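I opened my notebook on this model to look up two things.

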Amino acid sequence: MLSDLRIAVVGAGRMGADHIRRITERVSGAVVSAIVEPEEGRAAAAQQLAPGAVSYPTIEHALSADVADAMLIATPGQFHERVLVPALRAGVPILCEKPLTPDPESARRILDLEQTLDRPRIQVGFMRRFDAEYQELRALIRSRDLGDLLMLRCAHRNPGVPDGYTQEMLITDSVVHEFDVVPWLAGADIRSVQVRYGRRNSFAPERLREPILVLMDLANGVLVDVEMNASAQFGYQVATEAVFEKGLARIGQPSGMQRWSEGRVSRPQFGDFTTRFADAYDEQVQRWVDAARDGRFVDGPNAWDGYRVAEACAAGVAALRTEGRVALDIGTRPDFYG
Ligand code: ISE
């Protein structure tokens, strides 16, 4: 029998703590053996969630203690390269929360380093690919039952955003997910990105000008629009409408039990992404654990996908300040990435 995968979770903020809970309570074949978190209060809180884990202030301390077979990186994106480099040099399987790194240059450095190994080690945490409805929609597109896909109309609505959230993060922290999942759904790369501003939501924090509309042209002619709305107030919603030659499909619509009382019909809805995508996160981590244990290492989006998204984000950030389309040319995927 395979022994449990010993995972070091690097970064014990919101996502790190969520993953520690997930691995401890719901994922099979894995334990959290180490928590890498320099901030003492956070490290102590995280340890309560995984009492068997040992805390280390840096990844180097954890690696030299030789207590982990794999790394789950959940620090903010700007620290990813700093953690990915020693983890790659140690050759361990890595699940890296999105984004791979914040810019294409650092993402390329990671690709170069990873390609010195025998095969990929990095899976990137684009969890939407593990969501049941996204998978169903992708299968429908591929089946061509409704003819060719013509357009994708996406809505990405957050009730609000944390204090540190900046205008660029509309792209790098939020639309980053559409930059991954849209090409995966439609089977074609993004060729250009454009941002349109409309009337500003007066409930948005002063520093933000939003909602925005992000338009993408794909290499197969499919046109995509994303309403990115970071101050929607009412709740969290990620929805897609796919327009085909002979039909229409929708995912992410309100679902679940309807309650009819006092003259109203209502359904409970999601307050944030950790609950909306809870099943997708569980599935993502379970599949990564299984792949890490049986030597496949990656079962989902890889570092090449992370690099493509970093290029799309750079175009998206440029598009925030440009009228018209910003072109994107991602280049050819190295054979190493299959
Ligand atoms: C957040 O960081 C996420 O990754 C969520 O999935 C996304 O919906 C949200 O907009 C981001 O701020």
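I pair rings of Phe, Tyr and Trp (its six-membered ring) if their centres lie within 6.5 Å; planes under 30 degrees apart count as stacked, over 60 as edge-to-face and the rest as tilted. By this rule I get 4 aromatic pairs. The model is predicted, so I keep to its limits: local features need pLDDT of at least 70, side-chain atom pairs count only at pLDDT 80 or more, and totals for chains, interfaces and linings use all residues. Residues are numbered from 1 along each chain as its sequence is written, and side-chain values use heavy atoms, with hydrogens and water left out.

**Rings.** I looked up tryptophan 304 and tyrosine 307. Their ring centres are 5.2 Å apart and their planes stand at 40°, so the pair is tilted. Tryptophan 304 is buried at 6% relative accessibility (buried is under 20% relative accessible area, exposed over 50%, partly exposed in between, with a 1.4 Å probe and protein chains only). Next I took phenylalanine 336 and tyrosine 337. Their centres are 5.0 Å apart with planes at 85°, so I call this pair edge-to-face. Phenylalanine 336 is partly exposed at 21%, while tyrosine 337 is buried at 7%. I also noted one aromatic cluster, formed by Tyr236, Phe273 and Phe277.

**Ligand.** Which residues surround the ligand? I list Lys98, Met127, His156, Asn158, Tyr165, Asp173, Ser174, His177, Tyr236 and Phe273 (a heavy atom within 4 Å counts as near). A polar side-chain atom of serine 174 lies 2.7 Å from a ligand oxygen.

Definitions and conventions
Polar contact = N/O pair within 3.5 Å; in protein donor to acceptor, adjacent residues only side chain to side chain.
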